[in-house]
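Colleague: Could you walk me through this model and tell me how each label was reached?
Modeller: Gladly; let us have it in view before we start.

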Amino acid sequence: MSRLDPERIRHVASPLIELGCALHVLAEPRHHDRTEWAEQVRAAMPAVLRDELAAWAWTVRAVRARFFATSPATGLPSFTDELAVLRSRPPEDLAAELIRPLRGRPLATQNTDLDAVRRWALSRGRPIAELVESLLTSPAEPVERFLDFLDACWQGWFGEIWVASRDQLAARGRQDRDLAKRDGLSVMLCSLDGSVAARDPDNLVVQKIQNKRIDLAQHSLLLVPSNFIAPHLFLGEVPGEPLTIIYPAAGRGQSAVPTAQAIRHRLEALAVPDRLQVCRAVASESRTAGEIATLWNLNPTQVTRHLRALTRAGLVTAERQGRFVAYRLDEQVMRSIGTDLLDLVMR
């Protein structure tokens, strides 16, 4: 990311975007650590609304419908106004946005693109395939059904949540925009989440699996704090729209996120035969390569190579003791990869 005039930064506390985030949590509550909350919300819903939630969950999972990912508004718009804007749009346009999670790129008119949408819809079950088919061929009715679903969510459970949180979200957005104006864009963005780090004042890195460079000189920026987005940090780059950042309103709670390259190095280091055995050898106490080779009946040269690779990956630490080098498993790093892996090595 590069330099951006703070005047091109705006913020919004959008009930529509926040509803999209909440629906995502309801669809996938475990990785948000909100299973109990999701169960309570679902239990209070009438059965018909739970059925609609299941029918439309695919619009808010890994990829979101476009109107859940950006907003033309600023400040604190009302849900009624945002829903009215959606109802005023041609159903064909909304249908195209709704099927975005199934196409991954702008939908063209070629049959191959439509066939792909139908195929991925069918992989989610016959009811979803039939719903998507109606969006593709006769969008007016399913689009109205979807907008009625959003309204029912608002009336049934989300409106109360929004009233309790809207002022806090609006205040957080103002605070972050003011921070960018006072201390600079880099400082503000690094404060949003542990996955954001500065290389220099004009270049930031967001630790995500995807590799992509975004030149902020070509964008404006929309800040959208959310009480439901964690543990994600959402970057929405929609053609013709500002770069949208949906981030946890609670702030930078987590520690720095390791790079994808560092994670790959650790997994690759552990995938080589005998590496887990070497890790086990140094899990409970420090040992030298020669001692490990003798006790575990392994080739000394191979053990040394294994330990060096594990050390480079950050899984093992090395400490010189006189003419010896003793190695010890870094339990904290191993735990960060997975408790099952650590339990196996320590057992």
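Colleague: How do the residues of the lining of the second largest pocket divide into nonpolar, polar and charged?
Modeller: The lining holds seven nonpolar, three polar and six charged residues. Here Ala, Val, Leu, Ile, Met, Phe, Trp, Tyr, Cys and Pro count as nonpolar, Asp, Glu, Lys and Arg as charged, and the others, Gly among them, as polar. Bear in mind that this is a predicted model, where local features need pLDDT of at least 70 and side-chain atom pairs pLDDT 80 or more, while totals for chains, interfaces and linings use all residues. Residues are numbered from 1 along each chain as its sequence is written, and side-chain values use heavy atoms, without hydrogens and water.

Colleague: Which residues lie closest to the centre of that pocket, and which element gives the most to its lining?
Modeller: Phe 67, Thr 70, Ser 71, Pro 72 and Val 85 are the closest to the centre, out of 16 lining residues. Helix 4 gives the most, with four residues. The space in this pocket is about 260 Å³.

Colleague: Why is helix 3 called oblique to helix 9?
Modeller: Helix 3 (residues 47-56) and helix 9 (residues 140-183) pack at about 125°, with their axes 10 Å apart. Angles under 35 degrees count as roughly parallel, over 145 as roughly antiparallel, 65 to 115 as roughly perpendicular and the rest as oblique. That makes helix 3 oblique to helix 9. The contact (heavy atoms within 4.5 Å) includes Leu 49 and Trp 56 of helix 3 and Phe 146 and Trp 157 of helix 9. The residues of this contact are 10 nonpolar, no polar and two charged.

Colleague: What stands out about phi of Asp 33, and where does a cis peptide bond join two residues?
Modeller: Phi of Asp 33 is near 55°, a positive value in a residue other than glycine; Asp 33 lies in the loop between helix 1 and helix 2 (35-44). The cis peptide bond joins Ala 230 and Pro 231, with omega about 10°. Pro 231 sits in the loop between strand 4 (221-226) and strand 5 (234-236).

Conventions: Axes are lines fitted to C-alpha atoms, for helices over the stretch in contact, and angles run from 0 to 180 degrees between N-to-C directions. Helices (H or I, at least four residues) and strands (E, at least two) are DSSP runs, numbered from the N terminus. On a 1 Å grid over the protein atoms alone, a cavity is a set of points where a 1.4 Å probe fits but cannot get out, and a pocket is an open set with protein on both sides within 12 Å along at least five of seven lines; lining residues have an atom within 4 Å of a point. Grid points are joined across faces, edges and corners, and a volume is the space filled by probe spheres set on the points.
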